[in-house]
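The exercises below each set a task and then work through a solution. Try each task on the structure before reading on.

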Amino acid sequence: MCKTTSKVHLPPGGALDGFFGMNRGGWFQCPSWVDVDKPPGYSSQPAVEAGWLWLLKYPLTTLNPKTFFFSVNAFWWVWALVGYFAVPYDFEASGAKTCGWDVFLDRLTVHMGINTAFYVTVLTSAYIMRYATRRFPGDEEGPPLSRFIHNVWYWFLGTVQGAMWDTLLVALYANKLVPYAKDSEAFSLSSAGLTTAVLTLMVPPIRDHGFFWGHMLLHHNYLYKYCHALHHRNVTLEAFCGLCMHPVEHLHYYAPTAYTVLLVWYFESSPFVPFFCLVHLMVAPAWGHSGWEDIWQSEQFHTLHHAKYECNYGGQSAPWDEVLGVFRETFGQSKYYKGAWAESDAPPMARAEDRQPLKKFLRGSPTLTGALYNTTDQALYDLLHVVLAYVLYAAVFDSKDPESVWRVAFPLEVADGVALTAPQAVGLLLAVGPHAIGALMWAMSDAKSWRWPFHEKPLASFVPCYLTAVTITSTPLYLFGTWAAQALAGF
């Protein structure tokens, strides 16, 4: 049985508290702000400093190496370095310029190896070795077997899509669309080395801010019901549910990588920077969804989001939740939260079985309804995205024929003196397509407002937030679609 309280005196953090994500000198200790005499999850997590003072200090704290190394980001960085040098990029490989299968399988091997090692380590240390003892409220032993199979399947799809993004990066470098510094320069005491170091420090904040706005966008009803709801089937958490997302959500989740590609292009830095961003995006959810208070990167912040739904959309290093009044610091009574969430608003995919305590880990026989996520309208939503994916595939890989529709129809004049090129059309389809399909499905089958759960917010505050979220999330998808067409179709 998981301990809910403890009278054990925990060691003080000391000078190395936080180093590589450690708490109190170890990786299976509670953070220093946790009161171990309270049940797990009921300590008050400190709020992130918000306001103009934070804005002024942010560049200095973000680019401070101490901020980086005294956080779990340093550990993700080490794993990325190991993967980067163990199986290095080969921009001269036979399929590098065309996203060939040899390149994709090479990148898939890298990411599958890193992800498997990481996620199995978390699962084993928490549930089998029992190094963790303080389980957050809910099911103390983790998910039933059917739910675990469900989570691992979508985790696998997330790893595959991450490898696809990495394969596209190889094509961009191999086709000279993104200039870069060679490793001998990027990892040396030179201007290229300094640039690589600074851009590496920028990866976590780019990922954090991109995650907040993309995540909040996915909570709008027209995107949530058929896409993000899959992730929220997990009310109580285990490692693999971190990357358990609908493929459309994976698309949005990996999007911030495009911003790091832009930085590499502008500064001619190392391909390691986007690679680190991808690794960070893929492995960080393992600890963030562990479900335990006393395991490394204890994520009470995001665990509360899964339990209470309309709160804590971002991470602990960005203040947007505090600014918008949706920060919740504890499972108990919150003094910060200003949203309208109530227990009756629990996610529709939450099941009663998730809240039953003291069940055996991976219990029960796998069932089709527990392992799959499908209904008739969900199948239609997925089918429409398969059609969109085929159109995009044809635009990128089948349009070298001079007679193809993409060669004949584009450039397309959309206004006086303004023409839409084929790569731009591909980018727009990738960026706007999921929104259009979500809106269509909402119009056909849902009586709730498309803005739910933000439907009660005044338009004066809702519109700027919504447009910011759409812009920050869709711009990188547009860029990747455009780059893919340019690199692979030769437009």
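**Exercise 1: two loops**

Glu 268 lies in the loop between H10 and H11. The model is predicted, and local features need pLDDT of at least 70, side-chain atom pairs count only at pLDDT 80 or more, and totals for chains, interfaces and linings use all residues. Residues are numbered from 1 along each chain as its sequence is written, and side-chain values use heavy atoms, with hydrogens and water left out.

Task: state what phi of Glu 268 is near, and find the loop that holds Pro 453.

Solution. Step one: phi of Glu 268 is near 50°, which is a positive value in a residue other than glycine. Step two: Pro 453 sits in the loop between H17 and H18. Step three: the peptide bond from Trp 452 to Pro 453 is cis, and its omega is near 10°. Helices here are DSSP runs (H or I, at least four residues), numbered from the N terminus.

**Exercise 2: H10 against H18**

Task: describe how helix H10 (residues 257-267) and helix H18 (residues 459-489) pack.

Solution. Step one: two packed helices are described by the angle between their axes and the distance between the axes. Axes are lines fitted to C-alpha atoms, for helices over the stretch in contact, and angles run from 0 to 180 degrees between N-to-C directions. Step two: H10 and H18 pack at an angle of about 60°, and their axes are 8 Å apart. That angle makes H10 oblique to H18; angles under 35 degrees count as roughly parallel, over 145 as roughly antiparallel, 65 to 115 as roughly perpendicular and the rest as oblique. Step three: the contact (heavy atoms within 4.5 Å) involves residues of H10 including Tyr 259 and Leu 262, and residues of H18 including Phe 480 and Trp 483. Step four: this contact of H10 with H18 divides into nine nonpolar, three polar and no charged residues. Ala, Val, Leu, Ile, Met, Phe, Trp, Tyr, Cys and Pro count as nonpolar, Asp, Glu, Lys and Arg as charged, and the others, Gly among them, as polar.

**Exercise 3: H15 against H18**

Task: give the angle at which H15 and H18 pack, and classify the residues of their contact.

Solution. Step one: the angle between H15 and H18 is about 40°, with axes 8 Å apart. H15 is therefore oblique to H18. Step two: Ala 395, Val 396 and Phe 397 of H15 meet Ala 484, Ala 485, Leu 488 and Ala 489 of H18. Step three: by class, the contact of H15 with H18 has seven nonpolar, no polar and no charged residues.

**Exercise 4: H4 against H11**

Task: describe the packing of H4 and helix H11 (residues 272-288).

Solution. Step one: H4 and H11 pack at an angle of about 25°, with their axes 9 Å apart. The two helices H4 and H11 are therefore roughly parallel to each other. Step two: among the residues that meet are Arg 107, His 111 and Phe 118 in H4, and Phe 275, Met 282 and Trp 287 in H11. Step three: the contact of H4 with H11 divides into 12 nonpolar, two polar and one charged residues.
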